[in-house]
Amino acid sequence: MYLSTKQSELMSELAAKLSALTELICAPVAPAEETFQVAASDDIFADIPPTRLLRIVEGQVDYSLHGKLVMHFEAGDLLGLPRSLNLPQGQFSCSGPTSLVAYERDSLVEYASHDLKYQRNWTYFLVCSISYFEQALTQELRGEFQPAAGFLHFRAGETIIQQGDTADRVYTLLEGAADAVCDGVTVGQIHPNEIFGALAVFTRQPRMASVIARSDCTLLAVRKEEFIALIEHQPHICLGLIEEMAAKINQLNGQLLQLKSGGT
């Protein structure tokens, strides 16, 4: 089994475990009928009794939910468990010849009642299935909250952020170098891969400093609403921001001490 979108390495490993566990829970139980073939079908469960599960012997089955293609199933995968328990489920279809074998749900479950090892395999199968779909849901949510970012280019000497302006974007410097300037005094430097402009977004205050390109720069700009939504759904990004802000504070403290020392 694999998602219709790009699948992470972790999910591929979970899919492989599910395939192995499916073999373990199906091997000891006799199929409900001989292997049969479906040429092509919009709903392979249309004429299948509600308590039957289908295991793919050969071919590919597509799974859609509310009209959206969600994932693909391959040889060895077991289909229809939620349907057999009268739980909500999408639609299984195939566009080419597919060989299937049917199992009676109760036969699979009953075998677990007198075999502890088999029962454990069933438990592992169910937990692994939950983990797979949990990861799939996380991936879908992250995709939903990808910001509509834009690339900007500035020449050396141009102003990227103007002190006193309203904060409406957060930036990431991709190429080049820039200086943070407050009241005409350079108070910091911005390097490639550094996020800047976030503090004013969080505090809802005007920009405290200007940012001026020291060399030709390429930036990634994200609107503040999208950045806040991204932070809410991917909070690990905050850790990097906190580390960068702490480094800036230490840098400013050092400059302040130097100024005081020079004044005395």
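Helices (H or I, at least four residues) and strands (E, at least two) are DSSP runs, numbered from the N terminus. The model is predicted: local features need pLDDT of at least 70, side-chain atom pairs count only at pLDDT 80 or more, and totals for chains, interfaces and linings use all residues. Residues are numbered from 1 along each chain as its sequence is written, and side-chain values use heavy atoms, without hydrogens and water.

Stop 1: Select Tyr63, Val70, Met71, Phe133 and Ala136. Of the 32 lining residues of the largest pocket, these are the closest to its centre. A pocket is an open set of points on a 1 Å grid over the protein atoms alone, where a 1.4 Å probe fits, with protein on both sides within 12 Å along at least five of seven lines; lining residues have an atom within 4 Å of a point. The volume is about 940 Å³, taken as the space filled by probe spheres set on the points. Now colour α4 (116-144). α4 gives the largest share of the lining, 9 residues. Other elements supplying at least two residues include α1 (9-26) and β5 (68-73).

**Stop 2: the open sheet.** Show β2-β8-β3-β6, 4 strands in antiparallel pairing; strands pair if DSSP finds at least two bridges between them. β2 (36-38) and β6 each have a single partner strand, so one side of each is left without a neighbour in the sheet. Pick Leu54: its bridge partner in β6 is Leu79.

**Stop 3: the hairpin.** Go to β12 (178-182) and β13 (185-190), antiparallel and joined by 5 bridges. Asp179 has Gln189 as bridge partner. Between the strands lie 2 residues; Asp183 takes a positive phi near 50 degrees.
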